[in-house]
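Hello,

Here is the structure I promised to pass on. Please have a look before reading my notes.

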Amino acid sequence: MAAFPQPPAQGHGPVDWSDQDRAEIAELMTHYPTQRAALLPILWLAQRKWGWLSFDVMRRVAQTVDLPPSEVYSVATFYTMLKKQPTGKYLIQVCHTLSCKLAGADRIVEHIKDRLGIEEGQTTPDGMFTLMRVECLASCGSAPMMQIDDDFFEQLTPESIDRILDGLAKGEPLPLPRPEVDKWTFQSLES
Amino acid sequence: MTVPALRHERTFVERLYLPEIVKGLYITLRHALKNLFEQDLPTIEYPDVRKPMPERYKGAHRLTTRPDGKVKCVACMCCAQVCPAKCITIQAGEDPNDPIEKYPVEFQIDMLRCIYCGYCVEACPKDAIRMDTGIYEINAFTRQDMVHNKAYMTDLMDGHKPLAETFYRQQAGSAPKGYDTDEQRVLPVDGSRGL
Amino acid sequence: MDVPKPRILTARWGIPGSHTLAVAQEHGAYTALRKALTMAPADITAVVKASGLRGRGGAGFPTGTKWTFVPPEEKRGGKPVYLVCNADESEPGTFKDRYCIWNDPHMLIEGCVIAARAIGAKVAYIYLRGEFKYVKDRLDQALAEARAAGLVGKNILGSGVDVDVWTHQGAGAYICGEETALLSSLEGERGQPKLKPPFPAVEGAWRSPTIVNNVETLQAVTWIVEHGADAYKAIGTEKAPGTKLFCCSGNIRKPGVYELPLGYPMMELLNDECGGLLPGRSLKAVIPGGSSVPIMTPAEVARATMDYESINEVSGSYLGSGGFIVMDDRTDLVDALANLLRFYAHESCGQCTPCREGCGWMYSILTRLRDGEATEADIRVLRDLANNIHSRTICFFGASAAMPVQSFLKKFPEEFFARAGVGVPDDWRPAASAK
Amino acid sequence: MDIPWVELIVALLKCVFSLAFVMQVVPILIWAERKVSAYIQDRTGPNRAHIGGIRAAGLVHTLVDVVKLIVKEDIIPSHVEKRYWFAAPVVAMSVALTTFTVVPWGDALTLPASVTALWGGEGPLSVPLQVAQINGGMLFILAIGSLGVYGVMLAGWASNNKFSLLGGLRASAQMVSYELAMGLAVVTMFMLYGTARLDEIAAQQAGPIWNWGVFGVLDNPGLDPLVLVGWIVGGLAFLLFWTSVFAETNRMPFDLPEGEAELVAGYHIEYSSLRFALFFMAEYAHMVVGSAVTATLFFGGYNIPFLDGQAIRENTDIILAVLGFGGVPASIVFAVIAWRRRNRPFYKALPADDIRHREPRFWLAVWSLSALAALGLGVVGLSGLVGGTALGPELVAFALQTGSLFLKVLFGTFFMIWIRWTIPRFRYDQLMDLGWRTMLPVAIGTVMLAGVWVIVREAVQAA
Amino acid sequence: MPIVKINGVEIEVPAGTNMIDAAAKAGFDIPHYCYHPHLSIAGNCRMCTCEIEAGGRGLEIACNMQARDGLAIRTDSPQVKAVRRNVMEFLLKNHPLDCPICDQSGECRLQDYYMEHGQYESRLADPKVGKHKRMDIGDHLVLDAERCIACSRCVRFGDEVTGTGELRLFNRTDHTEIGIFPGERISHAYQGNLADICPVGAITSKDFRFEKRVWYLDETDSVCTGCATGCNIRVCHQQGQVFRYMPRRNDAVNKSWMCDHGRLGWQDIASLRRVLRARIDGKQAELSEGIRAAAAALRGVDASSVAFVLGTRATNEANWALWKVARANLPQAGVYWCQGNDPGAWSQVDDLLMDADKNPNRAGARALADHDAAIGDGTDLAHAVREGKVRMLVVLHDDVLGRLEDAAEGVAVLHLGSQRNTTADKARIVLPATHPTEQDGTFTNRAGRVQRIRRALPAAGDALPDWQLVELLGAALGKGPGARDAATAFKLLAGEVKAFAGMTYKDLGGGGLPLRQPEPLPSPPPAQPAAP
């Protein structure tokens with residue numbers, strides 16, 4: 001009989017929080033009447049710290065909130081933004097739900113695929129970019145759009161994508177704040 | 001439902017019996033003479049000539065196999081359950097290396113008990129047991145040999161076609177419809193498999 | 001249409017630095033809070049009730065009435081009350097809350113505190129969807145400022161009222177926009193909806209009475225408390241007073257968020273605010289309230305006004321969360337529906353049977369239909385599945401997934417049957433060309 | 001020389017002949033039973049066993065059967081009454097064979113003086129073709145035939161088995177019942193013939209066919225409508241007798257002593273091997289004897305209609321020529337048929353080296369030889385060589401008359417087989433009902449009618 | 001108590017009663033998967049959807065509907081049937097339909113409800129979602145996630161009953177599946193219940209795996225004899241062979257659960273340690289000889305030096321019979337009962353079901369001792385033995401020598417029992433008794449509940465039921481208690497001993513009755529090794 005689930009080939013090995021993390025976790029726990037309510041924030045913390053949630057990380061989180069590890073795994077698999085697999089340095093998520101699709105999200109994805117030479121769900125060989133299609137990111141007015149890590153890039157055109165990716169590839173930080181974010185009405189791309 | 005036979009009062013002539021006996025004698029004599037002189041009796045001179053078994057003829061059971069050679073049977077006991085003669089004995093086991101976990105460690109049919117009703121074939125959800133061998137000469141010298149086991153039933157058609165099909169091909173020059181071509185097998189003409 | 005277009009929620013939008021406490025206060029933030037602190041909690045509720053404010057999250061339930069569902073203190077058995085602000089904005093086509101918080105976080109904070117005082121909550125949580133990390137950062141910053149200024153936390157402005165406001169970030173689950181699922185998620189569990197009854201107002205987060213309100217609702221509460229119920233009632237329609245943020249997207253010239261009084265004609269929203277369709281295009285269909293509401297035909301659009309009753313009367317659709325998606329004649333509706341169903345198949349929480357198995361099934365049928373591999377029978381199965389999912393699930397998600405399918409198949413059957421290579425069968429539309 | 005050696009030897013020869021006559025028919029009957037039943041039922045019947053590839057339409061099976069029955073294990077159950085059990089089949093068989101001793105199979109074989117001179121005889125010797133010339137010959141048959149029930153009863157009782165006992169009881173009740181009707185039918189014929197000697201009975205039926213017992217034994221019928229009475233008497237007597245013969249031989253539809261369904265097998269259930277074979281053969285021997293007696297009583301015995309012994313002896317050459325030249329085309333037709341049969345599907349399905357391929361050739365040869373023999377016979381008849389000799393006509397008469405009886409017996413037995421595969425068997429109460437309530441009254445009536453007829457016949461013959 | 005109306009039948013049920021239970025009480029079966037009477041409500045299978053006629057509207061799930069006045073539901077309307085049909089269709093959408101190899105076949109709710117409510121014609125043209133199969137998740141369990149219908153019963157069992165929570169739902173949408181964390185295993189002692197409560201074949205038992213199709217099994221209601229708890233069980237057997245024990249619902253004792261130790265208790269029925277033949281001085285003998293020899297031995301010694309030991313593993317009937325035999329034939333003999341813990345044999349004791357005392361009838365023996373003050377306890381016996389007063393011990397199903405150890409050197413022992421132990425091995429005369437599955441009788445559990453055991457199997461070897469063995473011994477001694485069968489023995493016992501007063505087998509029924517006494521027996525302190 002098979003063991004379940006098959007542990008991924010790679011993991012983090014034994015991991016532990018830093019003191020700063022512990023303090024942050026302790027502070028987080030004060031927000032909630034129960035300890036386990038802090039599970040989601042702690043998972044975010046863990047993901048930011050270790051990049052993705054390996055079984056080792058989840059086991060550590062489980063200890064922290066005093067839950068069975070399967071519970072943590074169960075929660076982690078429920079939420080799509082919690083990464084159960086490692087990704088590249090930048091995770092590019094292109095929205096392809098209705099509004100973005102009407103605005104041409106498919107072209108955007110094709111463009112990124114051509115540019116990076118990868119398929120959806122793949123990571124570039126240099127480990128810089130992982131491309132994914134995702135469901136609605138609540139930026140329908142400024143479609144098409146994508147999210148790189150925590151930041152939105154809206155009203156994309158092939159040119160703007162090239163600019164952003166060029167900048168990231170050169171190691172420049174994500175351009176923040178971006179003017180689009182402060183706008184709430186947009187001129188549609190007339191194309 | 002019982003259907004009452006239509007009867008009528010016997011007439012005097014009928015009650016004499018003799019004319020009726022003569023009528024009967026006439027009928028039988030007519031048959032006898034016709035057969036004596038025409039010689040086109042439906043009897044087949046078995047075993048030199050064999051009857052083409054219909055596709056659905058229920059002969060000896062065989063166990064079908066998957067492409068990898070394992071039996072299709074998964075020991076679900078449906079056949080054993082449905083068997084009115086209770087002649088099927090299956091011992092289930094687990095195959096750790098097969099995605100189909102369950103298989104019959106042993107599968108026995110006591111052919112002395114079997115009444116050839118074919119329920120087992122109908123009940124089988126895996127098409128694992130068939131009676132399309134066309135083999136009707138099921139005999140042995142001991143009772144024990146009349147219990148067909150898994151190995152026997154698996155290899156029964158090894159390299160051969162189901163008998164029914166062979167006969168059709170032999171006699172009519174064409175195979176009956178309904179046989180999947182994967183499993184077409186050739187039976188030796190001498191019929192040694194059946195004897 | 002020449003109706004006044006008061007800017008209630010968007011008053012401070014566009015002002016540089018409006019997210020900072022200083023600028024916000026300069027433009028009138030926290031005056032409502034000061035007023036509310038002088039009022040008895042029941043009075044606040046009464047004002048909100050009197051204003052006729054309806055929840056802006058989608059269902060349109062009167063907010064004041066909802067607040068009264070919280071059991072009085074003596075019946076709670078010592079359990080605390082929680083206020084949860086639903087900022088898990090994930091309905092496709094809806095994107096207003098992000099701008100609300102981004103441009104005016106203090107109005108939300110103020111609303112939270114007022115509402116918390118009204119229902120007797122000591123703690124309020126603002127549940128943001130996981131993707132709004134940068135929004136959360138700004139909100140946390142605003143919260144920190146407010147807390148430092150004594151506007152949030154213990155003994156607010158010396159009134160003796162304690163209201164703590166915390167942000168909580170989700171992690172990418174549409175279903176967490178459903179209030180009970182949101183509470184599950186808040187509790188650190190899988191974001192699966194809970195059985196009702198008991199309703200959250202009676203037994204919600206941590207089995208305590210919990211009120212869940214949308215961002216826009218709480219911001220409106222701020223304005224109502226400041227300006228009074230009558231002022232609010234003067235705007236909009238009788239049954240749906242006030243303004244609403246409409247999130248316009250799709251094949252239009254000027255997509256974006258527009259604050260308009262309820263009852264604004266849909267056609268004018270489309271042609272004036274949104275700038276109309278792109279040149280040379282004609283209207284094919286409109287989804288008026290976020291992806292999960294039934295679709296509307298151009299004829300229906302012409303007759304409808306933007307409020308809860310009219311849309312429902314004219315087309316059987318809903319105002320929902322105000323996600324106004326416009327599709328022009330280029331749009332392939334089969335593809336559009338497949339797109340939506342992929343969303344629902346991806347987002348079903350997997351808890352109860354019809355939605356868990358049905359959404360994926362509907363999507364796979366639609367995929368085949370889109371690729372021209374489905375038959376007429378498949379379309380019938382599709383409709384059956386939608387009917388079988390609708391209102392047979394724990395939460396409203398099932399209906400949300402079913403309604404687009406039902407309405408697309410009902411209103412645009414030609415496109416679907418044409419994809420299956422047949423005409424619309426005679427028995428498909430049972431004399432229901434009433435619309 | 002006190003001992004008449006010649007007569008002793010002749011008597012012995014006659015015994016052997018009569019035994020052979022019966023026993024050679026039995027295997028043929030067994031074969032015929034199978035073959036006729038098969039043809040009646042649209043089957044082929046036995047056709048597998050062969051000698052050197054020659055199957056002879058299944059005749060070989062009978063041979064194989066005999067071998068099988070002889071070599072099979074002879075099971076003697078431990079619970080039987082051994083002596084009687086051993087005796088039963090012997091009784092059954094001997095009774096069947098004994099009755100044949102009084103049946104004549106020809107008028108007489110007169111050995112000319114030239115022959116008798118060989119052993120020093122004086123003048124021609126007339127040998128009656130009958131084992132025993134007994135005055136009450138028919139009574140002898142009745143008496144001995146009644147003993148047959150002992151075989152069955154002994155077997156049934158001695159087997160010490162419920163089923164066999166029931167079978168035996170049934171058999172005895174049945175035989176006893178039908179013996180009455182049989183006896184009365186025989187009495188009728190006694191009245192008609194005026195004698196009980198079978199040789200005399202047979203002699204009376206020589207000549208035209210209306211001399212036969214079944215027509216009322218009439219010498220010179222004329223065209224008197226009263227002749228019908230004779231026909232009724234003879235016919236009724238024949239029906240009664242013939243039906244009783246069925247019952248006495250336990251043939252269908254009177255085979256109640258046996259019965260797979262209710263008795264498992266019947267009185268012979270415990271018998272196997274040769275003992276069973278004796279019962280088996282006794283049944284067929286009974287059939288032969290029954291048929292022979294019936295033929296003798298009602299169908300002219302050994303007589304050929306319109307061709308009495310004297311006529312044969314006078315026209316020997318003509319008869320031979322007709323037989324011979326008639327046989328030639330018949331044989332040729334059979335030869336052609338045999339040769340054409342090699343194309344039957346059966347032979348085509350056989351492997352090329354199968355030994356049975358020689359069968360058509362064999363039959364071609366047999367029928368060709370037969371044609372040659374017939375041709376020879378015709379030539380001999382034409383040549384007139386035989387009729388001129390003293391012994392020749394005697395032998396031809398002997399052959400023809402015996403052959404005549406043989407054919408009649410064959411027909412009788414065929415009829416029995418035919419009936420068996422036509423008529424369903426009785427229920428036991430129906431059997432008894434028929435015996436006692438139908439046949440007995442009819443038999444008594446027949447006897448009375450016979451009395452009338454005997455008187456009327458004299459008038460008719462006088463006319 | 002509110003009155004609710006179900007399909008037009010009015011029925012009064014306690015307030016808050018679940019409508020599935022209420023309907024069952026009214027005689028209507030509402031199909032359900034996720035609902036379990038001893039677990040919380042999940043409401044996710046949607047199978048129990050019913051139509052509300054009054055006191056609400058529309059279709060609601062019965063499991064989350066509580067009885068209240070004025071509520072009227074229909075469980076058989078066309079709409080309800082349609083919902084069930086549709087739910088079945090959805091449930092089977094991604095079900096692998098590997099019934100032929102699934103152990104659940106025959107007791108699978110998917111099968112049962114499909115036959116009852118299913119659609120019968122497939123409309124599925126799309127591929128099914130594959131999931132993990134045949135996963136080893138515990139010592140006694142196999143998990144097949146494809147068969148799972150995500151009813152979450154097992155999850156709730158882990159959360160609410162054992163509190164261990166190993167099993168969880170992973171992923172969402174139609175990829176939702178049950179599983180455990182990698183590297184973890186279910187290790188608690190109540191695993192078998194997970195296989196029981198799984199309404200489909202997702203979690204199945206390793207011990208029963210592929211052993212037998214369930215429809216061949218005969219079932220006999222009985223009581224677990226693994227410890228003093230006396231869990232109600234169902235013995236599943238065929239042709240004299242036991243294949244499994246299943247817990248039987250008894251809310252007063254074990255709810256719907258039982259522990260894995262008890263569940264595997266059937267394995268000692270055919271074990272090598274069974275006593276199958278009588279033995280006299282180490283030599284095998286006919287049973288009648290053994291009884292004669294025992295009677296002769298008893299008559300041959302001074303009656304006052306004989307001690308009869310009632311067994312805490314023997315039935316009430318047998319203990320009573322032994323007491324009667326002792327009193328009637330050897331009035332001077334001592335009668336004792338031993339608490340009889342087997343220390344160390346079972347160390348795991350929890351607050352759920354398992355008891356430290358592994359003897360199923362301690363309370364019964366004690367009730368007899370309460371009735372007759374002259375019956376001494378284990379300490380008294382140990383005393384008497386050490387003082388040398390006892391020359392002969394008559395032991396019923398008890399390992400007295402195992403506890404007394406060498407103190408009892410030289411004491412002749414008559415052992416009446418089914419299993420070999422130290423006492424049986426050292427005994428002069430051993431008489432074979434039946435296993436509890438082979439006899440009728442009653443046991444009294446730790447809470448003083450008298451419960452029936454029923455004969456499921458033919459007796460192995462020469463063994464006789466406990467009471468009958470004692471009865472024969474009494475007859476050989478001169479006077480037996482005079483019972484013809486177990487029911488008579490119990491009737492006589494009930495007529496004599498006040499704690500059992502008035503009880504009959506019929507009254508005990510399936511669930512048993514508490515001993516008649518002012519207050520229930522206190523539970524023993526857990527895990528405390530008891531003095532012999």
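Predicted model: local features only at pLDDT ≥ 70, side-chain atom pairs only at ≥ 80, totals over all residues.

Residues are numbered from 1 along each chain as its sequence is written, chains are lettered from A and ligands numbered from 1 in the order written, and side-chain values use heavy atoms, leaving out hydrogens and water.

**Chains A and C**

The two chains bury about 4,800 Å² between them, 59% of it on carbon and sulfur atoms (accessible area lost on being put together, 1.4 Å probe, summed over both parts). A:Phe78, A:Leu98 and A:Trp184 supply 16% of the area that chain A buries against chain C, more than any other three residues. The contact (heavy atoms within 4.5 Å) takes 49 residues from chain A and 72 residues from chain C.

Three salt bridges link chain A and chain C (a side-chain nitrogen of Lys or Arg within 4 Å of a carboxyl oxygen of Asp or Glu). One of them pairs C:Arg342 with A:Glu135, with the closest N and O atoms 2.9 Å apart. On the chain A side, helices H2 (39-50), H4 (69-78), H5 (98-102) and H8 (179-182) and strand E4 (151-153) each supply at least two residues. Helices (H or I, at least four residues) and strands (E, at least two) are DSSP runs, numbered from the N terminus. H2(A) gives the largest share, five residues.

**Helix H14 of chain C**

This helix covers residues 308-315, and its buried residues are C:Tyr308, C:Ser310, C:Ile311, C:Val314 and C:Ser315 (buried: under 20% relative accessible area, 1.4 Å probe, protein chains only). They pack against helices H12 (266-273), H13 (298-303) and H18 (397-411) and strand E9 (305-306) of chain C. At the start of H14(C), a side-chain oxygen of C:Asp307 comes within 3.2 Å of the backbone nitrogen of C:Glu309. Just after the helix, C:Gly316 has a positive phi of about 75 degrees.

**E:Ile375**

E:Ile375 sits in the loop between helices H9 (362-371) and H10 (378-386) of chain E. Its relative accessible area is 6%, so E:Ile375 is buried. Beyond four places in sequence, its contacts include E:Leu310, E:Trp323, E:Trp337 and E:Leu368.

**Hairpin in chain E**

Strands E1 (3-6) and E2 (9-12) of chain E run antiparallel, joined by four bridges (pairing needs at least two DSSP bridges). E:Ile6 stands opposite E:Val9. Two residues lie between the strands, and E:Asn7 in the turn has a positive phi of about 50 degrees.

Best wishes

Conventions
Buried < 20%, exposed > 50% of the residue type's maximum accessible area, 1.4 Å probe, protein only. Polar contact = N/O pair within 3.5 Å; in protein donor to acceptor, adjacent residues only side chain to side chain.
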